Amino acid sequence: MDLYVTREGKCQVSIEICYTSGIITNNAAQLLVEEWRETYQIENIQFNAEPGQGNRIRIFEPEAIEGRNEQTFVIQTVMKDGYFQIDLSGASEQAILYGICEILDQSYVLDHEVRLPQLNMTSTPDIKRRGVERHWGPSMTTMENLQENLKLIKLLARKRVNHLMWIDSWISMSWYPFLDFRYFPKLKKADLEGKIKLAKECLRTIINEAKNWGMDFYLSCTEFNIPKDLLKVHPDMFYRNPNTGLYVLRLDSEDTWLFYKSKIREVMEDFPSLSGIELWTGEAMEIWQCYRPDTDTRSIGELFLEMYDQALEAMDEAGRSDARIICSSFTHHPECEKIYEDILGRLPERCDSRSKMQVEDFYRFHSPATLPGRLSPGREWVEFDLGGEYRGDWAGWITCALQFIPDRMRYYYDKGISGFMCRIRGYTLGPNSKFVGDYAVLRGVQSIKYDVYFKTCWDMNIPLADVWRLCKRRGFPDAMLEFFQLSEKVAEQAQYTNESIVNNFHSSFIGSIERYEWQLEYADHPYNTAGMERKWILEPSEEHLSLILDEKEQAIHHVLKMSDILEQCKQELFEEDYAALRTCLDYQIQVVKVFKVHTEMFFRYRLLMLTKLENRHEMLLDCMRRCEQEVALLRQHDEDQAKHAYALISDIKWRLSCDMQKYYHELAYHGVCRV
């Protein structure tokens, strides 16, 4: 029997907090009131300090639950004197918060009344550490953006996130707005305008708000990035590479390590609520790129250990021996994960590894990362890019990997991974896509792909149908689930070939034969055993091209089916949701059509270069004409995408106008097109 939260639209339940509650519990109770009011227009929810009659949600003082962890909550429903009581208890205030989130998840409307099922459950998360990485706005240094940060924290708490790994701006100088460099005198700032002081105040407020929602906060950073004036004031710290002309830090300079540690010490002292830092080592000056004398024979892995040890020393000097380091294993080194092989299991106890390695960004076209479960067993994170910068998100596609995300999460869970994190970074739907903040993405029409991640973190076995039931956007009929499931197939089949990378990153079009060939090298990327097994289809032949085109035709079929579903659901969708999806889908249908003929054109050019047959020349010219027609239609939606697509036509036209003899067999050198 359902429990009525409202009768004739009026609230039928009060909230009773049965102890002197702390701030996390108070925030949780307020969250319940606000969401019921905003989502269901429930007003006048009463708080009762004393026991009494009526329908009640009773929150009991946290206490340890034998055999369970600190995030476990218990919900029991009892009927008494014709009223219901929902008793919520937990092992901590965090657990109380998550129990409130469960009540909110289970709330639903039937016959115009808000209801709850009779909940009787004990719930413990499968993944204890559920994180969000963020390195694209809103800024954490200004009062103008402060409220947006706080609003986002509250929304993430509602998703049961308990770790934040944030950076103020992607890579570059992200820490420097917070630093006066008092421990590195050559860079010490006077802060006459008070900008550093303000930035510190804003960040403290953000960190404290995270704590008030039961979250650990890590400041993510690139520790070997350097301010522009450092080379000027301290050139002795640098070595100029005679081959490239680039300056790199010297590891044999004591001041290099003093500079490195000074930043960490200052941050840890000035932000005492900070749980630690994340050392982002992939897209800055990496330690293996720094200069060291020939006498330094340490492996790259051992250099990483030195970096971690120096960071821990800086924390200890700040009196923060409790703080932790999250060590990114993302690197641009050509040997990728191999450079960590000699330090497996050797990370200091206060260091947790984080695997990215571009694996999930390349979607299924890499094998899973090999480091998770080995680098720091029991203390490991794996990151997911849920938007998919390499599968349509950056280009404004509707793209939801609702099958892949939980499948890959379960794969790593079986390897003993204790923490997952995701990037929420997203873009507007449709042509001429623009960056939007995390809050807008989580509240947007594709939010289901993020909820799949959040719900799977809590319950590794939750079916997709249950995630949809609990989290689907208001106004979305159930048929829209198939709409989003199809978007995963469209992204796979339109942009890639047999799950091998062929087309361009960021879902745009490749403009030259050379770039296309470079792209094919990713089939041979280190550790990518799956790509190596699949690359046979890239061998140029009419049979393989036929399979490639069949796959592209399936993408067109699926995106047109998405269009049919959208029209069937039009009357049930909110007008603004339908309009956004319709505009995007019209654009995406045409992009998918261009991808088919654009990819065909590249492979037909390869076939012509390998075998000088008359019909192949004619078939290429016919393909080019068809491509021009589709690109012209794309130009009506997105001029930039059309321009990128047309560039390959221009490149091939130029090649065909030259002496073709010198181009024969030029494409055989990558090993994917053996002649």
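This is a predicted model: local features need pLDDT of at least 70, side-chain atom pairs count only at pLDDT 80 or more; totals for chains, interfaces and linings use all residues.
Residues are numbered from 1 along each chain as its sequence is written. Local features need pLDDT of at least 70 and side-chain atom pairs count only at pLDDT 80 or more, while totals for chains, interfaces and linings use all residues, and side-chain values use heavy atoms, without hydrogens and water.

The protein divides into domain 1 (3-123), domain 2 (129-471) and domain 3 (487-668). These bounds come from an automatic or database domain assignment. The C-alpha centres of domain 1 and domain 3 are 52 Å apart.

Two helix pairs were examined. Helices (H or I, at least four residues) and strands (E, at least two) are DSSP runs, numbered from the N terminus. Axes are lines fitted to C-alpha atoms, for helices over the stretch in contact, and angles run from 0 to 180 degrees between N-to-C directions. The axes of α6 (residues 254-270) and α7 (residues 300-317) come within 8 Å and cross at roughly 45°. α6 is therefore oblique to α7. Angles under 35 degrees count as roughly parallel, over 145 as roughly antiparallel, 65 to 115 as roughly perpendicular, and the rest as oblique. The axes of α8 (residues 404-413) and α10 come within 9 Å and cross at roughly 25°. α8 is therefore roughly parallel to α10.

The second largest pocket holds about 260 Å³ of space. A pocket is an open set of points on a 1 Å grid over the protein atoms alone, where a 1.4 Å probe fits, with protein on both sides within 12 Å along at least five of seven lines; lining residues have an atom within 4 Å of a point. Volume is the space filled by probe spheres set on the points, which are joined across faces, edges and corners. This pocket has 19 lining residues, with Y427, L429, A440, G444 and V445 nearest its centre. β22 (426-427), α9 (438-442), α10 (448-458) and α16 (575-610) each give two or more residues to the lining. α16 gives the most, with 3 residues. Domain 2 and domain 3 each supply at least three lining residues.
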